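The sequence and structure come first.

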Amino acid sequence: MIEDELISPAEEGHLGYSKIDVDLLNEIQEIIPAGRLLYKREDIERYSHDETEDLRFYPELVVLPESVEEISRLLSFCTQYHIPVTARGAGTGLAGGALPVFGGIVLSLERLDRVLEIDERNLQATVESGIITQKLMDAAAEKGLLYPIDPASKGSCFIGGNIANGSGGPRVVKYGTIRDYVLNLEVVLPSGEVIWTGANTLKNSSGYSLTQLFIGSEGMLGIVTKAVLKLVPKPKHDMLMMASFPSNELACEAVGHVFRNGIVPSALEFMERTGIEWVMRYDDVHFDLKEGAQAFLLIELDGNNTEILMEEAEAIFKVLDAHQAMDVLLADTVAQKEALWNMRRRMGVSVKSNSVYKEEDTVVPRAELPKLISGVKVLGKKYGFGSICYGHAGDGNLHINIIKGAMSDADWATKLKEGIKELFELTVALGGTISGEHGIGLVQRQYMPIKYSHIHLALLKGIKQLFDPKNILNPGKIY
Ligand SMILES: Cc1cc2nc3c(=O)[nH]c(=O)nc-3n(C[C@H](O)[C@H](O)[C@H](O)COP(=O)(O)OP(=O)(O)OC[C@H]3O[C@@H](n4cnc5c(N)ncnc54)[C@H](O)[C@@H]3O)c2cc1C
(Lines give C-alpha, C1' and ligand atoms only; values in the text may rest on other atoms or scores of the structure.)
Protein backbone atom coordinates (compact mmCIF):
# COMPACT_ATOMS: atom_id res chain seq x y z
CA MET A 1 0.00 0.00 0.00
CA ILE A 2 1.45 3.35 -1.04
CA GLU A 3 -0.40 5.05 1.86
CA ASP A 4 1.53 2.94 4.38
CA GLU A 5 4.87 3.62 2.76
CA LEU A 6 4.65 7.40 2.51
CA ILE A 7 6.77 8.99 5.24
CA SER A 8 5.43 11.48 7.76
CA PRO A 9 6.96 14.92 7.51
CA ALA A 10 10.00 15.79 9.57
CA GLU A 11 10.46 17.19 13.00
CA GLU A 12 10.30 20.94 12.69
CA GLY A 13 6.57 20.86 11.99
CA HIS A 14 4.75 21.93 8.91
CA LEU A 15 4.46 25.72 8.61
CA GLY A 16 1.22 24.97 6.80
CA TYR A 17 2.91 22.89 4.09
CA SER A 18 0.85 20.20 2.35
CA LYS A 19 1.60 16.62 3.22
CA ILE A 20 2.24 14.47 0.16
CA ASP A 21 -0.68 12.06 0.06
CA VAL A 22 -1.62 9.57 -2.62
CA ASP A 23 -3.59 12.16 -4.61
CA LEU A 24 -0.65 14.58 -4.75
CA LEU A 25 1.71 11.70 -5.55
CA ASN A 26 -0.50 10.69 -8.48
CA GLU A 27 -0.37 14.23 -9.81
CA ILE A 28 3.41 14.38 -9.40
CA GLN A 29 3.60 11.17 -11.45
CA GLU A 30 2.11 13.12 -14.33
CA ILE A 31 5.25 15.28 -14.23
CA ILE A 32 7.93 12.77 -13.31
CA PRO A 33 7.42 9.06 -14.09
CA ALA A 34 6.83 6.71 -11.15
CA GLY A 35 10.20 4.96 -11.68
CA ARG A 36 11.97 8.20 -10.74
CA LEU A 37 9.97 8.87 -7.56
CA LEU A 38 11.24 7.35 -4.32
CA TYR A 39 9.24 7.20 -1.12
CA LYS A 40 10.01 3.87 0.57
CA ARG A 41 12.09 4.36 3.68
CA GLU A 42 14.95 2.17 2.44
CA ASP A 43 15.07 4.07 -0.87
CA ILE A 44 15.10 7.54 0.63
CA GLU A 45 17.43 6.80 3.52
CA ARG A 46 20.51 8.12 1.74
CA TYR A 47 18.74 11.40 1.02
CA SER A 48 17.96 11.95 4.71
CA HIS A 49 21.50 13.03 5.62
CA ASP A 50 24.52 14.77 4.21
CA GLU A 51 28.05 14.88 5.66
CA THR A 52 27.05 17.14 8.55
CA GLU A 53 27.65 15.40 11.84
CA ASP A 54 24.90 12.81 12.33
CA LEU A 55 21.81 14.85 11.45
CA ARG A 56 18.90 13.10 9.77
CA PHE A 57 15.69 14.50 8.26
CA TYR A 58 13.58 12.27 6.04
CA PRO A 59 11.85 13.75 3.01
CA GLU A 60 8.40 12.49 2.09
CA LEU A 61 9.41 12.01 -1.53
CA VAL A 62 12.63 12.06 -3.56
CA VAL A 63 12.35 13.02 -7.22
CA LEU A 64 14.99 12.31 -9.87
CA PRO A 65 14.22 14.67 -12.75
CA GLU A 66 16.03 14.31 -16.08
CA SER A 67 15.24 17.65 -17.70
CA VAL A 68 14.77 21.31 -16.94
CA GLU A 69 11.19 21.00 -18.22
CA GLU A 70 10.39 18.41 -15.52
CA ILE A 71 11.90 20.64 -12.83
CA SER A 72 9.98 23.63 -14.12
CA ARG A 73 6.63 21.80 -14.03
CA LEU A 74 7.43 20.34 -10.61
CA LEU A 75 8.29 23.70 -9.00
CA SER A 76 5.21 25.34 -10.44
CA PHE A 77 3.14 22.45 -8.99
CA CYS A 78 4.84 22.69 -5.59
CA THR A 79 4.29 26.43 -5.40
CA GLN A 80 0.63 25.88 -6.23
CA TYR A 81 0.21 23.15 -3.58
CA HIS A 82 2.65 24.64 -1.06
CA ILE A 83 5.06 21.69 -0.88
CA PRO A 84 8.63 22.31 0.35
CA VAL A 85 11.39 21.38 -2.11
CA THR A 86 15.02 20.89 -1.11
CA ALA A 87 17.59 20.70 -3.90
CA ARG A 88 20.24 18.06 -3.44
CA GLY A 89 23.57 17.66 -5.14
CA ALA A 90 25.83 14.89 -3.91
CA GLY A 91 25.00 15.44 -0.24
CA THR A 92 28.61 16.19 0.76
CA GLY A 93 27.61 19.47 2.43
CA LEU A 94 28.91 20.19 5.93
CA ALA A 95 26.24 22.67 7.06
CA GLY A 96 23.09 20.58 6.64
CA GLY A 97 22.04 22.63 3.60
CA ALA A 98 20.53 19.70 1.69
CA LEU A 99 18.50 18.38 4.63
CA PRO A 100 14.71 18.57 4.18
CA VAL A 101 13.90 19.88 7.64
CA PHE A 102 10.21 20.35 6.81
CA GLY A 103 9.88 17.09 4.88
CA GLY A 104 8.34 17.52 1.44
CA ILE A 105 10.36 16.79 -1.68
CA VAL A 106 14.07 16.30 -2.10
CA LEU A 107 14.91 17.18 -5.70
CA SER A 108 18.08 15.34 -6.63
CA LEU A 109 20.11 16.69 -9.52
CA GLU A 110 22.02 13.41 -9.95
CA ARG A 111 20.58 12.65 -13.39
CA LEU A 112 21.51 16.01 -14.88
CA ASP A 113 25.16 15.07 -15.11
CA ARG A 114 26.49 15.93 -18.56
CA VAL A 115 29.28 18.13 -19.81
CA LEU A 116 27.43 19.87 -22.64
CA GLU A 117 30.38 21.69 -24.18
CA ILE A 118 34.03 22.49 -23.67
CA ASP A 119 34.44 25.64 -25.73
CA GLU A 120 38.16 25.74 -26.54
CA ARG A 121 37.82 28.99 -28.48
CA ASN A 122 36.48 30.91 -25.48
CA LEU A 123 37.89 28.78 -22.66
CA GLN A 124 34.48 27.97 -21.25
CA ALA A 125 32.57 24.87 -20.17
CA THR A 126 28.81 24.43 -20.21
CA VAL A 127 27.62 21.72 -17.84
CA GLU A 128 24.50 20.39 -16.20
CA SER A 129 24.46 21.06 -12.49
CA GLY A 130 24.57 17.40 -11.40
CA ILE A 131 28.01 16.77 -12.87
CA ILE A 132 30.66 15.62 -10.40
CA THR A 133 33.30 18.33 -10.07
CA GLN A 134 36.19 15.95 -10.86
CA LYS A 135 34.49 14.92 -14.12
CA LEU A 136 34.42 18.52 -15.27
CA MET A 137 38.07 18.91 -14.26
CA ASP A 138 38.96 15.79 -16.28
CA ALA A 139 37.01 16.96 -19.33
CA ALA A 140 38.80 20.33 -19.20
CA ALA A 141 42.21 18.68 -18.70
CA GLU A 142 41.70 16.55 -21.83
CA LYS A 143 41.73 19.82 -23.77
CA GLY A 144 44.75 21.18 -21.90
CA LEU A 145 42.52 23.40 -19.76
CA LEU A 146 42.03 23.79 -16.02
CA TYR A 147 38.88 24.19 -13.99
CA PRO A 148 40.65 25.11 -10.75
CA ILE A 149 37.89 24.98 -8.12
CA ASP A 150 38.66 21.66 -6.49
CA PRO A 151 37.05 21.15 -3.07
CA ALA A 152 38.62 18.27 -1.18
CA SER A 153 35.32 16.47 -1.94
CA LYS A 154 35.82 16.96 -5.71
CA GLY A 155 35.51 13.21 -6.42
CA SER A 156 31.87 13.21 -5.31
CA CYS A 157 30.40 16.73 -4.96
CA PHE A 158 28.41 18.30 -7.82
CA ILE A 159 28.96 21.62 -9.57
CA GLY A 160 25.41 22.67 -8.62
CA GLY A 161 26.20 22.09 -4.94
CA ASN A 162 29.49 23.97 -5.34
CA ILE A 163 27.63 26.92 -6.84
CA ALA A 164 24.85 26.87 -4.24
CA ASN A 165 27.42 26.84 -1.43
CA GLY A 166 29.88 29.30 -2.97
CA SER A 167 32.54 26.60 -2.63
CA GLY A 168 36.29 26.88 -2.64
CA GLY A 169 39.16 24.49 -2.13
CA PRO A 170 42.94 24.49 -1.92
CA ARG A 171 43.56 26.48 -5.13
CA VAL A 172 41.40 29.46 -4.18
CA VAL A 173 44.50 31.19 -2.95
CA LYS A 174 45.73 31.68 -6.52
CA TYR A 175 42.66 31.14 -8.68
CA GLY A 176 39.73 32.47 -6.62
CA THR A 177 36.50 30.77 -5.53
CA ILE A 178 33.71 29.48 -7.72
CA ARG A 179 32.39 33.05 -7.69
CA ASP A 180 35.21 33.94 -10.08
CA TYR A 181 34.36 31.14 -12.53
CA VAL A 182 30.60 31.22 -13.00
CA LEU A 183 29.66 33.31 -16.02
CA ASN A 184 26.05 32.37 -16.53
CA LEU A 185 23.46 30.11 -14.93
CA GLU A 186 20.25 28.49 -16.07
CA VAL A 187 17.90 28.58 -13.09
CA VAL A 188 14.37 27.34 -12.51
CA LEU A 189 12.46 29.72 -10.26
CA PRO A 190 9.84 28.56 -7.75
CA SER A 191 7.15 29.77 -10.17
CA GLY A 192 8.47 27.30 -12.74
CA GLU A 193 9.86 30.05 -14.96
CA VAL A 194 13.32 29.41 -16.38
CA ILE A 195 15.91 32.18 -16.66
CA TRP A 196 19.55 32.64 -17.66
CA THR A 197 21.15 34.94 -15.11
CA GLY A 198 23.88 36.63 -17.15
CA ALA A 199 25.89 36.26 -20.34
CA ASN A 200 28.70 33.99 -21.51
CA THR A 201 31.13 36.86 -21.24
CA LEU A 202 34.07 37.61 -18.99
CA LYS A 203 32.55 40.88 -17.90
CA ASN A 204 29.01 42.03 -17.52
CA SER A 205 27.98 45.38 -16.17
CA SER A 206 24.29 45.33 -16.96
CA GLY A 207 22.49 45.91 -13.70
CA TYR A 208 22.55 43.82 -10.51
CA SER A 209 24.27 40.47 -10.94
CA LEU A 210 21.72 37.70 -10.52
CA THR A 211 24.52 35.25 -11.29
CA GLN A 212 26.40 36.31 -8.16
CA LEU A 213 23.16 36.32 -6.16
CA PHE A 214 22.53 32.65 -6.98
CA ILE A 215 26.07 31.69 -6.00
CA GLY A 216 25.90 30.88 -2.30
CA SER A 217 22.09 31.03 -2.23
CA GLU A 218 21.96 27.45 -0.86
CA GLY A 219 19.00 26.31 -2.95
CA MET A 220 16.68 28.94 -1.45
CA LEU A 221 16.06 31.12 -4.50
CA GLY A 222 15.96 28.72 -7.45
CA ILE A 223 17.26 25.42 -8.79
CA VAL A 224 20.44 25.74 -10.84
CA THR A 225 20.18 23.42 -13.84
CA LYS A 226 23.06 24.52 -16.10
CA ALA A 227 26.21 26.56 -15.64
CA VAL A 228 28.63 28.24 -18.01
CA LEU A 229 32.03 28.26 -16.32
CA LYS A 230 35.31 29.94 -17.09
CA LEU A 231 38.36 27.73 -17.71
CA VAL A 232 42.04 28.71 -17.73
CA PRO A 233 45.06 27.22 -19.51
CA LYS A 234 46.46 24.33 -17.52
CA PRO A 235 49.90 25.18 -16.09
CA LYS A 236 52.60 22.79 -17.35
CA HIS A 237 54.48 22.31 -14.09
CA ASP A 238 53.89 22.24 -10.36
CA MET A 239 55.96 21.75 -7.22
CA LEU A 240 54.77 20.58 -3.84
CA MET A 241 56.56 20.94 -0.53
CA MET A 242 55.68 20.20 3.09
CA ALA A 243 57.26 22.21 5.91
CA SER A 244 57.12 21.34 9.61
CA PHE A 245 57.04 23.83 12.49
CA PRO A 246 57.41 23.62 16.27
CA SER A 247 54.15 25.52 16.83
CA ASN A 248 50.85 26.38 15.17
CA GLU A 249 51.53 30.09 15.54
CA LEU A 250 54.90 29.97 13.76
CA ALA A 251 53.37 28.04 10.85
CA CYS A 252 50.47 30.50 10.60
CA GLU A 253 52.79 33.51 10.77
CA ALA A 254 54.87 32.08 7.90
CA VAL A 255 51.75 31.96 5.72
CA GLY A 256 51.32 35.73 5.53
CA HIS A 257 55.03 36.28 4.95
CA VAL A 258 55.08 34.04 1.87
CA PHE A 259 52.72 36.48 0.14
CA ARG A 260 54.48 39.55 1.48
CA ASN A 261 57.59 38.25 -0.29
CA GLY A 262 55.78 38.49 -3.61
CA ILE A 263 54.93 34.82 -4.08
CA VAL A 264 51.41 33.53 -4.76
CA PRO A 265 51.38 29.75 -4.31
CA SER A 266 48.65 27.75 -6.07
CA ALA A 267 47.81 26.17 -2.69
CA LEU A 268 48.86 26.79 0.90
CA GLU A 269 47.32 24.42 3.41
CA PHE A 270 47.76 24.16 7.18
CA MET A 271 47.58 20.91 9.17
CA GLU A 272 48.04 20.09 12.82
CA ARG A 273 50.16 17.06 13.69
CA THR A 274 47.28 15.22 15.38
CA GLY A 275 45.24 15.52 12.18
CA ILE A 276 48.00 13.83 10.18
CA GLU A 277 48.39 11.13 12.83
CA TRP A 278 44.66 10.39 12.63
CA VAL A 279 44.89 10.08 8.83
CA MET A 280 47.81 7.66 9.22
CA ARG A 281 45.78 5.52 11.57
CA TYR A 282 42.56 5.74 9.56
CA ASP A 283 44.14 4.93 6.19
CA ASP A 284 46.97 2.75 7.52
CA VAL A 285 49.58 4.90 5.76
CA HIS A 286 52.83 6.32 7.04
CA PHE A 287 54.45 9.76 6.83
CA ASP A 288 57.78 10.54 8.46
CA LEU A 289 56.85 13.44 10.72
CA LYS A 290 59.72 15.40 12.22
CA GLU A 291 59.97 14.76 15.96
CA GLY A 292 58.67 17.71 17.95
CA ALA A 293 56.88 19.25 14.94
CA GLN A 294 53.36 20.40 15.81
CA ALA A 295 52.17 22.04 12.62
CA PHE A 296 52.71 21.58 8.89
CA LEU A 297 52.25 23.66 5.76
CA LEU A 298 51.61 22.07 2.39
CA ILE A 299 52.68 24.54 -0.27
CA GLU A 300 52.13 24.13 -4.01
CA LEU A 301 53.49 26.31 -6.80
CA ASP A 302 52.41 26.05 -10.42
CA GLY A 303 53.42 27.71 -13.68
CA ASN A 304 54.91 27.13 -17.11
CA ASN A 305 58.55 27.88 -16.38
CA THR A 306 60.52 25.55 -14.08
CA GLU A 307 63.28 28.10 -13.49
CA ILE A 308 60.80 30.65 -12.18
CA LEU A 309 59.21 27.96 -10.01
CA MET A 310 62.63 27.12 -8.54
CA GLU A 311 63.30 30.81 -7.80
CA GLU A 312 59.91 31.09 -6.08
CA ALA A 313 60.58 27.91 -4.10
CA GLU A 314 63.89 29.31 -2.90
CA ALA A 315 62.21 32.52 -1.78
CA ILE A 316 59.68 30.41 0.12
CA PHE A 317 62.45 28.35 1.77
CA LYS A 318 63.90 31.61 3.15
CA VAL A 319 60.54 32.63 4.62
CA LEU A 320 60.05 29.18 6.15
CA ASP A 321 63.54 29.25 7.57
CA ALA A 322 62.90 32.65 9.16
CA HIS A 323 59.87 31.13 10.91
CA GLN A 324 61.84 28.27 12.42
CA ALA A 325 60.72 25.60 9.93
CA MET A 326 62.27 22.36 11.18
CA ASP A 327 62.50 20.79 7.74
CA VAL A 328 61.04 21.12 4.27
CA LEU A 329 60.24 18.04 2.22
CA LEU A 330 60.02 18.50 -1.56
CA ALA A 331 57.82 15.89 -3.25
CA ASP A 332 59.86 14.36 -6.07
CA THR A 333 57.37 12.15 -7.84
CA VAL A 334 53.75 12.29 -8.90
CA ALA A 335 53.06 9.49 -6.41
CA GLN A 336 54.59 11.48 -3.53
CA LYS A 337 52.53 14.53 -4.45
CA GLU A 338 49.38 12.46 -4.61
CA ALA A 339 50.16 10.88 -1.21
CA LEU A 340 50.59 14.31 0.41
CA TRP A 341 47.41 15.68 -1.17
CA ASN A 342 45.52 12.55 -0.13
CA MET A 343 46.68 13.03 3.43
CA ARG A 344 45.23 16.53 3.41
CA ARG A 345 41.99 15.51 1.70
CA ARG A 346 41.42 12.56 4.06
CA MET A 347 41.72 14.67 7.19
CA GLY A 348 37.98 15.43 7.43
CA VAL A 349 36.85 11.85 7.14
CA SER A 350 39.57 10.63 9.53
CA VAL A 351 38.48 13.11 12.20
CA LYS A 352 34.85 12.16 11.66
CA SER A 353 35.56 8.45 12.09
CA ASN A 354 37.64 9.01 15.23
CA SER A 355 35.48 11.05 17.53
CA VAL A 356 32.24 12.89 18.04
CA TYR A 357 33.06 16.24 16.52
CA LYS A 358 31.71 19.49 15.18
CA GLU A 359 33.33 21.33 12.31
CA GLU A 360 33.47 25.11 12.02
CA ASP A 361 34.57 26.86 8.82
CA THR A 362 36.03 30.10 10.14
CA VAL A 363 37.79 32.60 7.90
CA VAL A 364 39.80 35.67 8.88
CA PRO A 365 42.09 38.07 7.05
CA ARG A 366 45.22 36.01 6.45
CA ALA A 367 47.50 37.91 8.84
CA GLU A 368 45.09 37.20 11.72
CA LEU A 369 45.46 33.42 11.48
CA PRO A 370 47.98 33.13 14.36
CA LYS A 371 45.55 34.94 16.68
CA LEU A 372 42.66 32.75 15.53
CA ILE A 373 44.46 29.48 16.14
CA SER A 374 45.76 30.54 19.58
CA GLY A 375 42.24 31.71 20.45
CA VAL A 376 40.78 28.31 19.51
CA LYS A 377 43.12 26.54 21.92
CA VAL A 378 42.36 29.01 24.73
CA LEU A 379 38.62 28.43 24.21
CA GLY A 380 39.21 24.68 24.21
CA LYS A 381 40.76 24.94 27.68
CA LYS A 382 37.94 27.16 28.92
CA TYR A 383 35.13 24.89 27.68
CA GLY A 384 36.89 21.52 27.92
CA PHE A 385 36.95 20.55 24.24
CA GLY A 386 39.83 19.39 22.08
CA SER A 387 40.37 20.62 18.53
CA ILE A 388 42.08 19.63 15.34
CA CYS A 389 42.58 22.48 12.92
CA TYR A 390 43.48 22.31 9.25
CA GLY A 391 42.51 24.15 6.13
CA HIS A 392 43.16 26.67 3.46
CA ALA A 393 45.60 28.85 5.39
CA GLY A 394 46.50 30.87 2.31
CA ASP A 395 42.92 32.20 2.33
CA GLY A 396 42.81 32.64 6.11
CA ASN A 397 40.25 29.79 6.10
CA LEU A 398 40.65 27.43 9.05
CA HIS A 399 38.48 24.33 9.48
CA ILE A 400 38.20 23.91 13.22
CA ASN A 401 37.19 20.40 14.20
CA ILE A 402 35.95 20.55 17.75
CA ILE A 403 36.52 17.19 19.39
CA LYS A 404 34.28 15.98 22.19
CA GLY A 405 37.10 14.15 23.95
CA ALA A 406 36.48 14.11 27.71
CA MET A 407 33.58 16.59 27.57
CA SER A 408 30.44 15.15 29.18
CA ASP A 409 27.37 14.53 27.02
CA ALA A 410 25.54 17.27 28.93
CA ASP A 411 28.31 19.82 28.35
CA TRP A 412 28.57 18.79 24.70
CA ALA A 413 24.83 19.34 24.30
CA THR A 414 24.64 22.69 26.08
CA LYS A 415 27.96 24.33 27.01
CA LEU A 416 29.49 23.77 23.58
CA LYS A 417 27.09 26.24 21.96
CA GLU A 418 28.50 28.96 24.18
CA GLY A 419 32.03 27.94 23.17
CA ILE A 420 31.16 28.08 19.47
CA LYS A 421 29.47 31.43 19.96
CA GLU A 422 32.63 32.75 21.57
CA LEU A 423 34.72 31.27 18.76
CA PHE A 424 32.65 33.09 16.14
CA GLU A 425 32.78 36.30 18.18
CA LEU A 426 36.56 36.03 18.11
CA THR A 427 36.50 35.34 14.35
CA VAL A 428 34.35 38.38 13.70
CA ALA A 429 36.45 40.55 16.06
CA LEU A 430 39.47 39.57 13.95
CA GLY A 431 37.67 40.88 10.85
CA GLY A 432 36.48 37.47 9.67
CA THR A 433 33.21 35.65 9.18
CA ILE A 434 31.50 32.43 10.22
CA SER A 435 31.83 30.43 7.00
CA GLY A 436 34.45 30.67 4.28
CA GLU A 437 33.13 27.98 1.95
CA HIS A 438 30.77 25.48 3.59
CA GLY A 439 27.74 27.74 3.77
CA ILE A 440 25.33 28.45 6.62
CA GLY A 441 22.66 25.83 5.97
CA LEU A 442 20.95 24.54 9.06
CA VAL A 443 23.70 24.26 11.63
CA GLN A 444 25.21 27.74 11.45
CA ARG A 445 22.05 29.79 11.06
CA GLN A 446 21.76 30.49 14.81
CA TYR A 447 25.15 32.23 14.66
CA MET A 448 24.36 34.58 11.76
CA PRO A 449 23.46 37.52 14.08
CA ILE A 450 27.01 37.43 15.45
CA LYS A 451 28.21 38.66 12.08
CA TYR A 452 25.19 40.33 10.48
CA SER A 453 22.90 43.10 11.70
CA HIS A 454 19.13 42.77 11.68
CA ILE A 455 19.09 45.14 8.68
CA HIS A 456 21.35 42.79 6.75
CA LEU A 457 19.23 39.77 7.67
CA ALA A 458 16.04 41.64 6.75
CA LEU A 459 17.51 42.33 3.29
CA LEU A 460 18.26 38.62 2.83
CA LYS A 461 14.71 37.76 3.84
CA GLY A 462 13.32 40.41 1.48
CA ILE A 463 15.25 38.88 -1.44
CA LYS A 464 13.91 35.45 -0.54
CA GLN A 465 10.36 36.80 -0.40
CA LEU A 466 10.75 38.30 -3.88
CA PHE A 467 11.97 35.06 -5.48
CA ASP A 468 9.96 32.59 -3.43
CA PRO A 469 6.88 34.24 -1.91
CA LYS A 470 5.42 30.92 -0.72
CA ASN A 471 8.72 29.85 0.87
CA ILE A 472 8.84 26.44 -0.78
CA LEU A 473 12.57 26.30 -1.58
CA ASN A 474 14.74 24.85 1.17
CA PRO A 475 12.90 26.44 4.10
CA GLY A 476 14.63 26.64 7.47
CA LYS A 477 18.09 27.56 6.22
CA ILE A 478 20.53 30.51 6.56
CA TYR A 479 18.39 32.68 8.89
C1 LIG B 1 35.58 15.30 2.90
C2 LIG B 1 34.98 16.63 2.50
C3 LIG B 1 35.81 17.64 2.06
C4 LIG B 1 35.29 18.88 1.69
N5 LIG B 1 36.13 19.84 1.23
C6 LIG B 1 35.65 21.02 0.83
C7 LIG B 1 36.51 22.03 0.30
O8 LIG B 1 37.72 21.84 0.19
N9 LIG B 1 35.96 23.18 -0.08
C10 LIG B 1 34.61 23.41 0.00
O11 LIG B 1 34.17 24.48 -0.38
N12 LIG B 1 33.78 22.48 0.51
C13 LIG B 1 34.25 21.29 0.91
N14 LIG B 1 33.40 20.34 1.41
C15 LIG B 1 31.96 20.64 1.57
C16 LIG B 1 31.08 20.20 0.37
O17 LIG B 1 31.69 19.18 -0.38
C18 LIG B 1 30.78 21.40 -0.52
O19 LIG B 1 29.97 22.31 0.19
C20 LIG B 1 30.09 21.05 -1.84
O21 LIG B 1 30.04 22.18 -2.66
C22 LIG B 1 28.69 20.51 -1.67
O23 LIG B 1 28.29 19.98 -2.92
P24 LIG B 1 27.16 18.86 -3.00
O25 LIG B 1 26.92 18.57 -4.44
O26 LIG B 1 27.48 17.71 -2.17
O27 LIG B 1 25.92 19.66 -2.42
P28 LIG B 1 24.83 19.22 -1.32
O29 LIG B 1 25.47 18.94 -0.02
O30 LIG B 1 23.96 18.18 -1.90
O31 LIG B 1 24.00 20.59 -1.22
C32 LIG B 1 24.59 21.75 -0.71
C33 LIG B 1 23.62 22.92 -0.83
O34 LIG B 1 23.40 23.24 -2.20
C35 LIG B 1 22.04 23.20 -2.54
N36 LIG B 1 22.01 22.71 -3.92
C37 LIG B 1 22.61 21.59 -4.41
N38 LIG B 1 22.45 21.51 -5.74
C39 LIG B 1 21.73 22.61 -6.11
C40 LIG B 1 21.24 23.09 -7.35
N41 LIG B 1 21.47 22.44 -8.49
N42 LIG B 1 20.54 24.24 -7.36
C43 LIG B 1 20.31 24.92 -6.21
N44 LIG B 1 20.74 24.51 -5.01
C45 LIG B 1 21.44 23.37 -4.96
C46 LIG B 1 21.41 22.28 -1.51
O47 LIG B 1 20.04 22.56 -1.33
C48 LIG B 1 22.23 22.63 -0.29
O49 LIG B 1 21.74 23.81 0.31
C50 LIG B 1 33.89 19.10 1.79
C51 LIG B 1 33.06 18.07 2.24
C52 LIG B 1 33.59 16.86 2.60
C53 LIG B 1 32.65 15.77 3.07
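In this predicted model, an oxygen atom of the ligand lies 2.9 Å from an N or O atom in the side chain of asparagine 165. A nitrogen atom of the ligand is likewise placed 2.9 Å from an N or O atom in the side chain of glutamate 437. Such a polar contact is a pair of N or O atoms within 3.5 Å. The protein buries 94% of the 980 Å² that the ligand exposes when taken alone (Shrake-Rupley method, 1.4 Å probe).

Residues are numbered from 1 along each chain as its sequence is written. Local features need pLDDT of at least 70 and side-chain atom pairs pLDDT 80 or more, totals for chains, interfaces and linings use all residues, and side-chain values use heavy atoms, without hydrogens and water.

The ligand takes up the space of the largest pocket (more than half of its atoms lie within 2 Å of the grid points). A pocket is an open set of points on a 1 Å grid over the protein atoms alone, where a 1.4 Å probe fits, with protein on both sides within 12 Å along at least five of seven lines; lining residues have an atom within 4 Å of a point.

| Pocket | Volume |
|---|---|
| Largest | about 1,000 Å³ |

Helix α6 gives five residues to the lining of the largest pocket, the largest share. For the second largest pocket, the largest share of the lining is the four residues of α18. Helices are DSSP runs (H or I) of at least four residues.

Definitions and conventions: A polar contact is a pair of N or O atoms within 3.5 Å; within protein, one must be able to donate a hydrogen and the other to accept it, and residues adjacent in sequence count only if both atoms are side-chain atoms. Grid points are joined across faces, edges and corners, and a volume is the space filled by probe spheres set on the points. Helices (H or I, at least four residues) and strands (E, at least two) are DSSP runs, numbered from the N terminus.
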